[in-house]
Amino acid sequence: MNMRQQSVIEANKMRYIKDLREYLKTLDELGELQEINEEVDWNLEIGAIIRRAYDLRAPAPLFNKIKDIEQGFRVLGGSGGISRQDGLKFCRIATSLGFSPSAGAKEIVNTLADSFEKEGISPRVVQDAVCHENIMAREDVDLMRLPAPFIHSGDGGRYINTWGTIVVQTPDKSWTNWSIARIMLLEKNRMTGLIPPQQHLGIIHQMWKDKGEPTPFALVLGAPPAVPFFSGTPFPEYVSEGEVLGAHFAEPIHVVQCKTVDLQVPADSEIVIEGTISDKETAEEGPMGEFAGYVGEHDTPQPVYNVSAITHRKDPILPIVNAGVPVEDTQTCCGTMYSAAVLAELRKHNFPVDTCFLTFESAVHLLVVTVEEMEHTRISAKNLAREAKEIIFNSKPGVDFPKVMLVDNDIDPSDINQVMWAFSTRVHPQSDAHFFSLSTKRHCPCFTI
Ligand SMILES: Cc1cc2nc3c(=O)[nH]c(=O)nc-3n(C[C@H](O)[C@H](O)[C@H](O)COP(=O)(O)O)c2cc1C
Ligand SMILES: [Mn+2]
């Protein structure tokens, strides 16, 4: 690490980065951004370059010129990727969430779990917003102007949403949910996307359907860097992600009223797509290469998103993820945030937990929980496992991964080499592996086991 980077790390200790462009500036100073000025194709090429960048742990690629797309519209990959630089492995996650670039997994996860317990801070409504610098409304709406990529060769279409936040609100307005779920382009003013019924998006969509009405939505692309992380966190029902984000940073995030729907979105965002999710109409969605590392085999009928406006900043940046084999941003986002959510849950039940980590390299299928070493003498390993299983698999985050490893806290659960060593030398195949049948219904459509 050179002296310039060291001073960048010093300057960024616990700093709240409030928009994507400031985040890109920080990445650039850390040596974590590469601008690509040659023309690239949205059809497979952008996806392939992002994939290569993950494999090399190379700086995040920012594509400045995209074939058939007007000059100025840009695409960013690797927003939450891991770094190959010594001591900076988690720097993109850390700086997105307000930590020092050199923060380790335990500091990030344990501090987030503390934040999840704090009283929420509601967003502050502002009047002017950069996301409204340009507006396409009603018949002027044209999604095809945006550089949505065709990512994997088996995909069912071009995906406009892989790292954006879908904002919806209950009909009584008491709960505003932010979440990430993939969305595919259909035509200039229509999209379709996964709306799993057990996810909060699905629960709120059902409330509107019960009233016989479509669900107003806003899709926020290129929000402040912390937003996707909070949108990818499985909080309990009726918890608004924006309020927990406010609690984490001890100040409200700025939001602005949408132009054509009664919703508010982070004001300092690059692109906002507004409209309603049909209560009746569906379209064939998918398949798409997913975070488990496989491309699904089928499309499925999913609700249609009808678009009433697109607003954007000048020269907007569309951040995307190429979901696939580890390590990519779905895994770093969910890995980090689910760990904090499980830790908060275990703490609530007085489980003797030190920290948790939903390992990136397992494609977020293996959660490692570290316990105080002396706890073994108080309670048998089998009982400890049973207790952990009861708490974890009955919580919202616990329905999305199938394997949990309990280990002494001399192991760093974010270091897969240490995890593999502990698993191989400390787990007796007959007496230390416990299988439980689970009543919880697993909901992830791309779940592999
Ligand atoms: C990049 C990324 C993409 C995701 N895509 C999907 C998706 O397509 N479908 C889904 O059900 N969950 C997806 N997730 C996980 C959800 O965002 C996560 O489960 C979140 O907790 C859902 O929000 P909710 O708790 O408000 O329901 C994705 C997460 C990330 C980080
Ligand atoms: Mn939620």
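Four strands build an open sheet here, running β1-β2-β3-β16 with mixed pairing. Strands are DSSP E runs of at least two residues, helices are H or I runs of at least four, and both are numbered from the N terminus. Two strands count as paired if DSSP finds at least two bridges between them. Keep in mind that this is a predicted model: local features need pLDDT of at least 70, side-chain atom pairs count only at pLDDT 80 or more, and totals for chains, interfaces and linings use all residues. Residues are numbered from 1 along each chain as its sequence is written, with chains lettered from A and ligands numbered from 1 in the order in which they are written.

- β1 pairs with β2 (residues 60-63) in the parallel sense, over 4 bridges, and Ile36 stands opposite Phe63 of β2.

**Helices on the sheet**
- α2 (residues 20-29) packs on the sheet and touches β1, β2 and β16 (contact: C-beta atoms, placed from the backbone, within 7 Å).
- The direction of α2 makes about 105° with that of β1 (angles run from 0 to 180 degrees between N-to-C directions, with axes fitted to C-alpha atoms, for helices over the stretch in contact).
- α3 (residues 45-56) packs there too, touching β2 and β3 (74-77), at about 160° to the direction of β2.
- Going from β1 through α3 to β2, the chain makes a right-handed β-α-β crossover (clockwise from the first strand over the helix to the second, with the strands pointing away from the viewer).

**A helix pair**
- The axes of α5 (residues 105-116) and α8 (residues 241-249) come within 9 Å and cross at roughly 115°.
- Leu112, Ser115 and Phe116 of α5 meet Val244, Ala247 and His248 of α8.

**Confidence**
- Mean pLDDT for the protein chain is 94, with 96% of its residues at 70 or more (pLDDT is the predictor's per-residue confidence, from 0 to 100).
- Residues 443-449 stay under 50.

How values were computed:
Contact = placed C-beta atoms within 7 Å.
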